[in-house]
Amino acid sequence: MPSTVLVLNGPNLNLLGSREPEIYGHETLSDIATLCERTAASLGIAVDFRQSNSEAELVDWVQEARASRAGIILNAGAFTHTSVALLDALTATSLPVIEVHLSNIFRREEFRRHSYISLAARGVICGLGSQGYELALTAMARLIAKPAKPRARAPSTQKTPNKKTPAKGKRTR
Ligand code: CA2
């Protein structure tokens, strides 16, 4: 079974595509969900894509992720700048977390420059619109990749060089 990454979206992101396209683009959240599903499939992983306007629900989902999800990609919306509760929940999961923002939060109002979420995040992507979700999934796939089991080596017929008697012409200290 492929590993599943939880992609969480916070308050008001359900309004995407309807207003403020100059900041957030023209895509709807459903377009971004489709993009994430396609990207995940190409990476051999699966996504569980969700949105909530409720801080409590987001905290519950983060807590539940611990048991069954391989990592969390989170656009916490305005909770990014306010929620110690989400930070605590993310820290408690011990899962890899990548923080995403559609807009460049450093080119906007001063209050958007601080993120509580970043303290729990392995990486932060902002300002690249929906492409940020694609990039986050690509990075997450690498973070959660299980190391391949070392293959059993065929017995070698070649003699291993004797370390005590260096090859002719080579100087040792
Ligand atoms: O840039 C981002 O992705 C944000 O997380 C979006 C949040 C904002 O509070 C963060 O500072 C940065 C807001 C999402 C609200 O989205 C809307 C979309 C259309 C119309 C109104 C709001």
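**A loop, a pocket and its ligand**

Glu-20 is placed in the loop between S1 and H1, where helices (H or I, at least four residues) and strands (E, at least two) are DSSP runs numbered from the N terminus. This is a predicted model, in which local features need pLDDT of at least 70 and side-chain atom pairs count only at pLDDT 80 or more, while totals for chains, interfaces and linings use all residues. Residues are numbered from 1 along each chain as its sequence is written, and side-chain values use heavy atoms, with hydrogens and water left out.

Although Glu-20 is not a glycine, its phi is positive, at about 50 degrees. Asn-12 lies in the loop between strand S1 (4-9) and helix H1 (21-24), and this residue, also not a glycine, has a positive phi of about 75 degrees.

A pocket here is an open set of points, on a 1 Å grid over the protein atoms alone, where a 1.4 Å probe fits, with protein on both sides within 12 Å along at least five of seven lines, and lining residues have an atom within 4 Å of a point.

The ligand takes up the space of the largest pocket (more than half of its atoms lie within 2 Å of the grid points). Around the ligand stand 17 residues, the closest being Asn-75, His-81, Leu-102, Ser-103 and Arg-112 (a heavy atom within 4 Å counts as near), and this shell comprises eight nonpolar, six polar and three charged residues.

An oxygen atom of the ligand is 2.7 Å from a polar backbone atom of Leu-102, one is 3.4 Å from a polar backbone atom of Ala-78, and one is 2.8 Å from an N or O atom in the side chain of Arg-112. Taken alone, the ligand exposes 510 Å², of which the protein buries 94%, with areas from the Shrake-Rupley method and a 1.4 Å probe.

Terms used. A polar contact is a pair of N or O atoms within 3.5 Å; within protein, one must be able to donate a hydrogen and the other to accept it, and residues adjacent in sequence count only if both atoms are side-chain atoms. Ala, Val, Leu, Ile, Met, Phe, Trp, Tyr, Cys and Pro count as nonpolar, Asp, Glu, Lys and Arg as charged, and the others, Gly among them, as polar.
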